[in-house]
Amino acid sequence: MDDPMKLAATYQRFYFALLAVLLVLGCLAYYLTIRYVLIHQVDNDLRIEQQEIQDFVRLHDSLPAPSRYRDQRLEWAPRPGYRERRHFVDDDDDRSIQFSIQVKGEDYAVTISKSLEETEDLLWIILWVTAGSIGVLLVGLFLGNRLLLRRIWQPFYQTLDYLHRFSLSGPRNGGTGTSNIDEFALLGRSVEDMTAKMQRDYMALQQFTDHAAHEMQTPLAVIKGKLDLMMQEPGSGPRQLEQMQQLLQSVNRLSRLNQSLLLLTRIENRQFIEKEPVALEPLLAEKQDWIREHRLEVTMDMEPGMANIHPFLAESLVNNLVGNAVRHNIPGGKVLVTLRPGLLSIRNTGRAEPLDPARLFQRFQKQHPSEGAGLGLAIVKEIADISGMEVRYGYEAGTHTFTVTF
Amino acid sequence: MKLLIVEDEPGLLDSMTAYLSLEDYTCESAMTYAEALEKIDLYAYDCILLDIMLPGGDGLALLRELKTNRKTEGVLIISAKNKLEDKITGLQMGADDYLAKPFHLPELGARVAAIIRRKQFGGNNLLEYQEIQVDTQGRTVKVSGTPVTLTKKEYALLVYLLSNRNKVISKSALAEHLWGDNMDMVDNYDFIYTHVKNLRKKLLDAGAGDYLQSVYGVGYKWTTP
């Protein structure tokens, strides 16, 4: 687990972005509402003031002297023909009410102003307190969520970790997370059931492979033995003997095919993953005579080189590559083996056309009729893959080259 | 010479018994773990041929039984191919040799002969045919007392043929013996002919009789004409 909060972080990011947008919008609406309510309050006060002025004029038939008291200001001026029942004016910091009044038959314009400074102050205090509370709420939510998510998702990550370490052939170590959350508990149980079933199936498959091989080898052994025995019968004529030999060849071919398939299955089942340094030089050197016996010219240019590979696979790799170079050769042809540290190349004369590299390493892909089953190069590829090697094919003027780098 | 063949497949048991009886071996057989155990307890054998995949018990358990009772029989383990573990375990437990199925009967004959030679003559043994004398310990060949120099393959061929005298040996069996079945992938047996030709020439030149006969279309036979 390099980053245990990935999923939670994604969730948190979205959740808190949404929350922030909503809270900003909410704050704005809150601000406007409070402001509206407060202004309305001021307007009410101003209306009461207007009432008082009108009462004063009715009683004394004169206007009170212009005054400035605390945050409130009264001003008036004669303005003939001015008629206004009530009119609110919004200045920078003030809220004013303007109205007309008749004193001794003359028209006056009266303005009562109230400073909004105090209201604004109040508004800001309310806003700051609110914003502060929201901030605290957000941080609290964030931390709480984080803690909760981590705790809730713990079994999930444990299950992930279990799956990550799971190997078909290896032992099952650790367990999935136990949880009192239904979904996670179910996930954990399902994963455990599934992996157990996979291992059971895998074991069954391996047993099947083993049994299939054994069952196939026994009849092959019987046929082979009977043919060897039949050859000893005194009455057999040359024709029968020749046919027995041909039968033997076919049985051997079938038996080799069986072994190749088995080997492929076992490589795939990772039965040869233990690697050790193997000297390829002697393995190759002992093939020299065999190549010469097939009337081919062989040159081996070798520097001692070790490859990190299962010893059995090393042998199989060399056998298949050398066998391939001999089988697909031309009469009187050549085989050139080059071994360098980290590189093995086997070059052989052959048909004057390159092979299709896309099909080369596939099973049962015989591009030209030959005695093989078409599994040799598939085995070479599997061995290279499982041993961390790379195998390449090249063609140049009637010479086919297979290069293995390790 | 008395052999016990422990093999559960009747067809194979039959062939093995028939082939080995052509040599002067007395062959007894057992098809189950219990039967084999009983025979091993009651009788003494020169060599036991043991298939380690047996019904009713592991062949390796039988081998353990033999070794703990300090029996001196030679043991040839037979098992399915590609069972590298069986081979290693078997040899570690004291078996003398290992043969993978499916095998050629002449190969079986040669292996049994080699085990018996080693057991009987205390490791210093001679394989003789008329005037030909092979010291399998020192890997030397003499014809009427005169040493003959053979290549590794010629020597292997000679020992193989001498262990399977009067038998028709197929080219397939010879190829498998000389190169192992891994390399028997090219069905071209010309190379056997070369080795046979050279061996015969060397023996004839040293004054031996012409015992190596070719059997048309099949292979070769070592016999007195």
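I started with the sheet in chain B: five strands, open, in the order 2-1-3-6-7, with parallel pairing. Strands here are DSSP runs of E, at least two residues long, and helices are runs of H or I of at least four, numbered from the N terminus. I count two strands as paired if DSSP finds at least two bridges between them.

I looked up the edges next. Strand 2 (26–30) and strand 7 (97–101) of chain B each have a single partner strand, so one side of each is left without a neighbour in the sheet. Neighbouring strands of this sheet are turned by 20° against each other on average, direction ignored. The axes are lines fitted to C-alpha atoms, for helices over the stretch in contact, and angles run from 0 to 180 degrees between N-to-C directions.

The model is predicted: I use local features at pLDDT of at least 70 and side-chain atom pairs only at pLDDT 80 or more, while totals for chains, interfaces and linings use all residues. Residues are numbered from 1 along each chain as its sequence is written, and chains are lettered from A and ligands numbered from 1 in the order in which they are written.

I checked one pair in detail. Strand 1 (residues 2–6) and strand 2 of chain B run parallel over five bridges, and B:Lys2 has B:Thr26 as its bridge partner. Helix 2 (residues 33–42) of chain B packs on the sheet, touching strand 1 and strand 2, at about 135° to the direction of strand 2 of chain B; contact means C-beta atoms, placed from the backbone, within 7 Å.

Last, I noted that strand 13 (residues 212–215) and strand 14 (residues 219–222) of chain B are antiparallel, joined by four bridges.

Terms used: Contact = placed C-beta atoms within 7 Å.
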